[in-house]
Amino acid sequence: MPAQNPIIDPGDGSGGNFSPYFQLNLSQLNDNLVWNASQEKPLPSNFILNLQYYLIQNPNIVFDIVFMQPVAPWLTLIGSSVFHNSITVAGGGIKNLTTQLSNIDSLPNGVYEAEIIFTATGLYNQQISTYDIASLFVTLTIFNNDSASIKVDKLQYNVFFNRSTNILNGETLVAILNNSTPIQLKFLADNFLTKTNITDSFSIENFGIENNQNLPAQGNVNVLGGLFKIDNSRIANVNINLAIGLNSDIFADKSSLTFNINKSTPQTANESVYITNPENKTFAITTPNWLSSTVFNGMSSSGFIKFTTVSSANIAGGIHTGNVIISYETKTITIPVVLTVVSFSSFQFSTKFCLDIPEIIFNRMNAAARLVRVTISAKYNLNGVETIKENIYAQPYVNEKALFKISDKIHSQFPRFKSDFFSIGNDFELMKNAIIDLKFEELDVNYSILMTETISNLKFFPGREPDGNPLISNWLFRKRNKKSVFFNSKIVGENIIVEKIESTNDVDELSFGSKVVKYYELPQNFNSIDIHFENDNLVPEWFTFTGEYKITAEFSHTYAKNIFKSQNEKYDFTKTKMLALNTGFFIKQELSLIEKMVESKLVFMKIAGKIYRCFSTTQKLMLDDSTEELLGRDLEFLIVEQ
C-alpha cells in the first residue's frame, strides 16, 4: 500500500541514486513591516527562493497568499519569475522575489498578517506528488492612519426622485462618523450636488437628475459616491440607491440576488432588498423553497426585506436558481436569484465510462488547509481474475481551489486482455465494470486531516462512451467480406461480453439496443485477412483486409574474428518479422477506424489459418484526399509472435 503521507521527504536532500526530491528554501521565513501613516509607505521587501530537485519530471511551483484578517488583499508577489500564481522553474535554482504592499491606505490602525505558501509538485514514475511546502509569514503594523476609521452612518441611502414634481426625498441626511480630528472633507457623486468643507454631516441634494438623459424614465440606479480628503484620496464610500419614477410604482434597489453558503459547517446566507413604495401600496412576496423573507416595515410601506437561505446542511451542493417575485395590483417585480452551495468536492457524474468523468474541483473548507489527498481504491475483474489496486495522490490549493482529474487514473489501471479472440467461444465474458471507492481528505501544513469525504461503490467501464453504446464501437457502418469474422463487444448489465460471429455472409445489419450497425460488401473479393485490435475502450475492434500482403524477415547477425583461426565466426542472430499489407478498398467513414488501428498497442491477424500478434509501425497515414472515392491504404506491422 502506498505511503499515507503524500509529501515525499528526501531527508538530507541528497536523494542518493534512486530517491526523487524537490526542495524549497527561503532566505527568510518572516518579514515584519511597520507603516506610520504620517510618513512614506514601507519599501518593497526582497527575498530569495532557492529550489533543488532530482529525478522529477514537469517540476512545478505554485503559490497562494492567505490573509489572516477579513480585509481586502494588501500584499502581492512580484518578480521576473512570477507568472500568475506560479513560479517558473526554468532558468536556475535561485529566484529573486519581492513582496509589494497595495491598498493599505484604507486599512485602519492595527496588525495584519499574511502567509505566502509555496508548493512544489512534480511527476515521478507517472505519478504527480507534492514534494515540499515553504511559507513566508508577513506582518504589517499600521498606526496614525486615523482617516481610515472615518465612515458614514448607513451602508446605503435610499432616495426617490419624483419625475412629476422633480422633488428628491427619502434618506437624504448623511452623518459622518469617527472624524474626531476633524478633517475637512468633500462629497462627490454623479447626479448629486457636490458638498465641500464638511466634517460631521451633510444632505444629499439633486443636481440635474431631471435633465440627465442617461438616467431611466423610471427604475433604480445605484450611485457610488464618496467622501474625499483635500488631496482627492477617497476615504469612505457613500452608496446611494436612487429610485426614479412616479408615485404609482414600487421600486426594488436590486435587480438580482446572489448567495453563497458552504457545507463545511451548517450555515445560512442573507441579502437585503430595499423597497421604495411612495404611495404605500400593499404587495406580496413569493420565493423559491430554499429562500425565506423577512419584511421589516410591513407589506405596505418602504423598507428593507431580508432574504435568508436554508441551512447548507439541508440542501445539496451545486448551483440553485429561482426568482423572487414582488407583486402589487396587476404588476410584478421579478428578481432572479442564484444560490451556490459550496461543497468540499464538485464530484458529480452521469456516465458509465471513466474517461467521461469531469475534472473534480475541491474548495478550501478550512483556513488552515494546504492540500487535498485523494485515495482511489479500485476493484477490477478481467476474465474472472479480480485485481485490487489503491493509489494516493496529493494536490495543493491555489486561489482557494484544487483541481484533480481521476478519469485517466482509473482508466490506466484497467488490466488488459492480451490474447487473441479468434480462439474464444461465441460469448466471452471479457471484464466487469470497475468498482471504485474514493476518499478525499483536506490536510493542513502538518498533514493532519481537517475533513474527509468518501464516495463508495462507483462503477465504470474503461474509455469514453462510444457512439454505438451498448455496442462498444464508434463505427456503425461497416465493410464485411464473405469470410469476415465479427467481434462485437457489448455491455450486458455490469459485464462486457465479446460476441464472435463467424457466419456473416448474410448479415446486413445487427441491432444493439437502440443502435443499429449496417454492413456493406465492397468489392467482391475472396482474399480476406481478419484482424482485431484493442480500441480505446480496451476491447476488440474488428476489420477485414481484402488486399495483398507480404511477410519479410529482417536479420541482424553477431559475428567476430576468431583470434586462433584468423577468420570470422558467427555467434548469434536476431530476427524480426515485418508484415506489409494493403487494406483493400473501404469507404471514407472507416478511415478513422484504420487510424485507431495504427494507434493501437495490440493487433491480432489471422492469415491463411495462422494467428499473428503484432502492432502497427506505419509512419504515415493519409487522412484526407479530395480526389478519392474508394479508399485503400498500405500499412506496416511488426510481428511479435505467431
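Leu-185 of strand S15 (residues 185-188) has Ile-198 in S16 as its bridge partner. S15 and S16 run antiparallel and are joined by two bridges. Strands here are DSSP runs of E with at least two residues, numbered from the N terminus, and two strands pair if DSSP finds at least two bridges between them. This is a predicted model, in which local features need pLDDT of at least 70 and side-chain atom pairs count only at pLDDT 80 or more, while totals for chains, interfaces and linings use all residues. Residues are numbered from 1 along each chain as its sequence is written, and side-chain values use heavy atoms, with hydrogens and water left out.

**The six-strand sheet**
- S15 and S16 belong to an open sheet of six strands with mixed pairing, in the order S13-S12-S19-S18-S15-S16.
- Strand S13 (167-170) and strand S16 (195-198) are at the edges with a single partner strand each, so one side of each has no neighbour in the sheet.
- From one strand to the next, the twist averages 25°; axes are lines fitted to C-alpha atoms, and angles run from 0 to 180 degrees between N-to-C directions.

**The three-strand sheet**
- Another open sheet has three strands in the order S34-S38-S37, and its pairing is mixed.
- Its edge strands, S34 (477-479) and S37 (509-512), each pair on one side only.
- Neighbouring strands of this sheet are turned by 25° against each other on average, direction ignored.
- Three bridges link S34 to strand S38 (residues 515-520) in the parallel sense.
- Phe-477 has Lys-518 in S38 as its bridge partner.

**Strand S43 and its partners**
- Strand S43 (residues 603-607) is largely enclosed by the rest of the structure, because four of its five residues are buried (under 20% relative accessible area, with a 1.4 Å probe and protein chains only).
- S43 pairs with strand S39 (residues 529-534) in the antiparallel sense over four bridges, and Lys-606 in S43 is the bridge partner of Asp-530.
- With strand S44 (residues 610-616), S43 pairs in the antiparallel sense over five bridges.
- Tyr-612 in S44 stands opposite Met-605.
- The hairpin of S43 and S44 has two residues between the strands, and Ala-608 takes a positive phi near 50° there.

**Confidence**
- The chain averages a pLDDT of 90, and 96% of the residues score at least 70; pLDDT is the predictor's confidence in each residue, from 0 to 100.
- Over residues 1-17 the pLDDT is below 50, and this stretch has 35 contacts in the model beyond near neighbours in sequence (a contact means heavy atoms within 4.5 Å).
- Where pLDDT is low, predicted coordinates should not be read in detail.

Note on methods:
Buried < 20%, exposed > 50% of the residue type's maximum accessible area, 1.4 Å probe, protein only.
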